[in-house]
Amino acid sequence: MKIKIVFPIIGILALFMFLLLKSPSMPSYNPYRDYLDMETSILEAFITTQDSSSIELPEGHYLFSQSLILDGKKNITLRGKGIEKTVLSFKGQKQGAEGIRISNCKNLTIENMSIEDATGDNLKITDSENIIIRNIRSAWTGEVSTQNGAYALYPVLCKNILIEGCEAIGASDAGIYVGQSQNVTIKNNKAYYNVAGIESENSSQVQIYNNEIYQNTGGLLIFNLPHLTVYGENVKAYNNHIHDNNMKNFGVKGSIVSTVPRGSGVIIMATKKVALYENKIENHKTINSSIVSYEIYVPPKNKKKKKKKK
């Protein structure tokens, strides 16, 4: 009789341990889409636009096979009819890596649309200044995956940036990222289902506030990385709700974020003059907030091995 009782108990315990240790399924983002074909006319609008003009994108879901590019323009507004109404999808992209690529521009506003499923970054802005990114949803659809692009919103080497009222979903690196930039405000955004929710890297005079950052691998990352031309300082992060960032890390192997432990609320690494205050940081399985050395995440190479004592 004892044997008959013990085996079922062992079986139940084994099943319980299996369910406890089994990795949870990855989340999915699956909006309804009904694509229209306006690729040629929208591409033409990007190519022919002149300084001090607007590109008004109509309501609808539009599919593109290549990147939309703006370079060397001034005083441009790129505007849709709303996050739910104007959707630019790069699913099945054949040319280019970015969805929208903007470079060497001044006084640019991009607002009121969704950008989805680029091969690389959904929205990349480089070497530009006076940039407003407002009411943009940048996402990868379906189950989150290492195959997703790295950055949802990605200004780098820019000055005077405002990112507000946006959503970032499914990035295999960072949802909202600013790199090697100055005078940045990131406010009133949501970032979820990314490896890193919001990341400030090698950037200065940055304010990050009134954001909700949740269900990522790591919530808020404030980093300096070596071997770059610009190093950051003077970052303030306040009045953010950073919670439940416990998702499995799906970053590309070898990337810095692939080493971020799941369940990390805030990580401040290798930087200085950072103010973190009046945030609500909760429900993380590893640590709510941490200040760490670069060597913890990326051990130094060519480190001399200690000689064994004879």
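1. Contacts along the chain. Of the contacts in the protein between residues at least 6 apart in sequence, 61% join residues at least 24 apart. The model under discussion is a predicted one, and the points below should be read with that in mind.

2. Overall composition. The secondary structure of the protein amounts to 3 helices and 28 strands. The protein has 310 residues, and buried residues make up 50% of them. The protein exposes about 15700 Å², of which carbon and sulfur atoms supply 53%.

3. The sheet. Nine of the strands are arranged in an open sheet with parallel pairing, and their order is β5-β8-β10-β13-β16-β19-β22-β25-β28. The edges are formed by β5 (66–71) and β28 (287–292); each has a single partner strand, so one side of each is left without a neighbour in the sheet. From one strand to the next, the twist averages 15°.

4. Strand β19 (residues 196–201) and strand β22 (residues 218–223) run parallel and are joined by 5 bridges. As an example for the student to locate in the structure, S200 has I222 in β22 as its bridge partner.

5. A helix against the sheet. Helix α2 (residues 39–48) lies across two strands, β5 and β8 (95–103). The helix runs at about 20° to β5.

6. The largest nonpolar core. In soluble globular proteins, nonpolar side chains tend to be buried together. Here the largest nonpolar core has 51 residues, and I100 and I133 are those with the most contacts inside it. Strand β9 (residues 106–116) contributes the largest share of this core, namely 4 residues. Which residues does I133 contact, leaving aside its neighbours within four places in sequence? They are I110, L123, I125, L153, L162, I163, E164 and C166.

7. A serine in a strand. S204 belongs to strand β20, which covers residues 204–209. Is S204 buried or exposed? Its relative accessibility is 7%, and a residue under 20% is classed as buried, so S204 counts as buried. When residues up to four places away in sequence are not counted, S204 touches S181, Q182, N183, V184, Y231, G232, E233 and N234.

8. Y192 lies in strand β18 (residues 190–192) and Y214 in strand β21 (residues 212–214), so the pair ties together parts that are 22 residues apart in sequence. Y192 and Y214 are both buried. Elsewhere in the list of ring pairs, Y151, Y154 and Y177 are linked into a cluster.

Notes: Residues are numbered from 1 along each chain as its sequence is written. This is a predicted model: local features need pLDDT of at least 70, side-chain atom pairs count only at pLDDT 80 or more; totals for chains, interfaces and linings use all residues. Side-chain values use heavy atoms; hydrogens and water are left out. Two strands pair if DSSP finds at least two bridges between them. Axes are lines fitted to C-alpha atoms, for helices over the stretch in contact, and angles run from 0 to 180 degrees between N-to-C directions. Contact means heavy atoms within 4.5 Å. A nonpolar core is a set of buried Ala, Val, Leu, Ile, Met, Phe, Trp, Tyr and Cys residues joined through side-chain atoms within 4.5 Å. Buried means under 20% relative accessible area, exposed over 50%, partly exposed in between (1.4 Å probe, protein chains only). Accessible areas come from the Shrake-Rupley method with a 1.4 Å probe; for residues, only the protein chains shown count as cover. Rings of Phe, Tyr and Trp (its six-membered ring) pair if their centres lie within 6.5 Å; planes under 30 degrees apart count as stacked, over 60 as edge-to-face and the rest as tilted.
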